[in-house]
Amino acid sequence: MASSTSLTPSHFVSIRAHPRAISSLLPPKLNSSTVSFPLKNGSFKSRNAPPLNLKVLSAREPKAAVVTKDTWDKSILNSDTPVLVEFYASWCGPCRMVHRIIDEIAAEYAGRLSCFVLNTDNDLPIAEDYEIKAVPVVLLFKNGEKRESVVGTMPKDFYIAAIERVLKS
């Protein structure tokens, strides 16, 4: 006997959660051989289907670590390597684009540059210390001193150029 799973619109609501938490919201028998889906008239139609192999394509482990006011001195000011810090806010759309770029840079410069992200809503005193008025802002530090800044969403080349200047100084 084939089992069926009904997917309702509530299964596809927009949520902001860790990718592993999203899987707990899916029906338990999603890989069944019969799937029911709603029709415009309110009824459901069942259809035989092969098992679904779901992949969350947007889930990725971030390469840049989170820094807070509690870890700021140790991670940024006392770092032996140059440091890049992205100041962001969770509600900021452009910040998400910069996150992707910073993660790429973190992978490419591993060992030569440490990359961090700081949520300005959670750690406002740090943002105020560096006069961050809007996000995203990327600051580069070397030997505990701010050396470069990139304000706003820029192409990856802008960040790379600033990083190279700091590494050569």
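## Basis of the description

Contact means heavy atoms within 4.5 Å. Helices (H or I, at least four residues) and strands (E, at least two) are DSSP runs, numbered from the N terminus. A residue is buried under 20% relative accessible area, exposed over 50% and partly exposed in between, with a 1.4 Å probe and protein chains only.

The model is predicted: local features need pLDDT of at least 70 and side-chain atom pairs count only at pLDDT 80 or more, while totals for chains, interfaces and linings use all residues. Residues are numbered from 1 along each chain as its sequence is written, and side-chain values use heavy atoms, with hydrogens and water left out.

## Helix α3 and its surroundings

Helix α3 spans residues 93-108, which makes 16 residues. From its first C-alpha to its last it reaches 24 Å, close to the expected 22 Å at 1.5 Å a residue; the expected span is 1.5 Å times one less than the number of residues.

The buried residues of α3 are Cys95, Val98, His99, Ile101, Ile102, Asp103, Ile105 and Ala106. Among the elements covering them are strands β5, β6 (114-119) and β7, together with helix α5 (156-168). Leaving aside neighbours within four places in sequence, Ile105 is in contact with Leu113, Cys115, Lys156, Tyr159, Ile160 and Ile163.

## Nonpolar cores

A nonpolar core is a set of buried Ala, Val, Leu, Ile, Met, Phe, Trp, Tyr and Cys residues joined through side-chain atoms within 4.5 Å. The largest one has 23 residues, and Leu84, Ile102, Ile105, Leu113 and Cys115 have the most contacts inside it. Two or more residues come from each of β5, α3, β6, β7 and α5; α3 gives the most, with 6 residues.

A second, separate core has 15 residues, including Val83, Phe87, Phe116 and Leu118.

## Aromatic pairs

Rings of Phe, Tyr and Trp (its six-membered ring) pair if their centres lie within 6.5 Å; planes under 30 degrees apart count as stacked, over 60 as edge-to-face and the rest as tilted. By this rule there are 4 aromatic pairs. Trp72 and Phe87 form a tilted pair, 6.1 Å centre to centre with 55° between the planes. Trp72 lies in helix α2 (residues 72-77) and Phe87 in strand β5 (residues 83-88), so this pair ties together parts 15 residues apart in sequence. Trp72 is buried at 3% relative accessible area, and Phe87 is buried at 0%.

Tyr130 and Phe141 form an edge-to-face pair, 5.4 Å centre to centre with 90° between the planes. Tyr130 lies in the loop between α4 (124-129) and β7 (137-142), and Phe141 in β7, so the pair ties together parts 11 residues apart in sequence. Both Tyr130 and Phe141 are buried. Trp72, Phe87, Tyr130 and Phe141 form one aromatic cluster.
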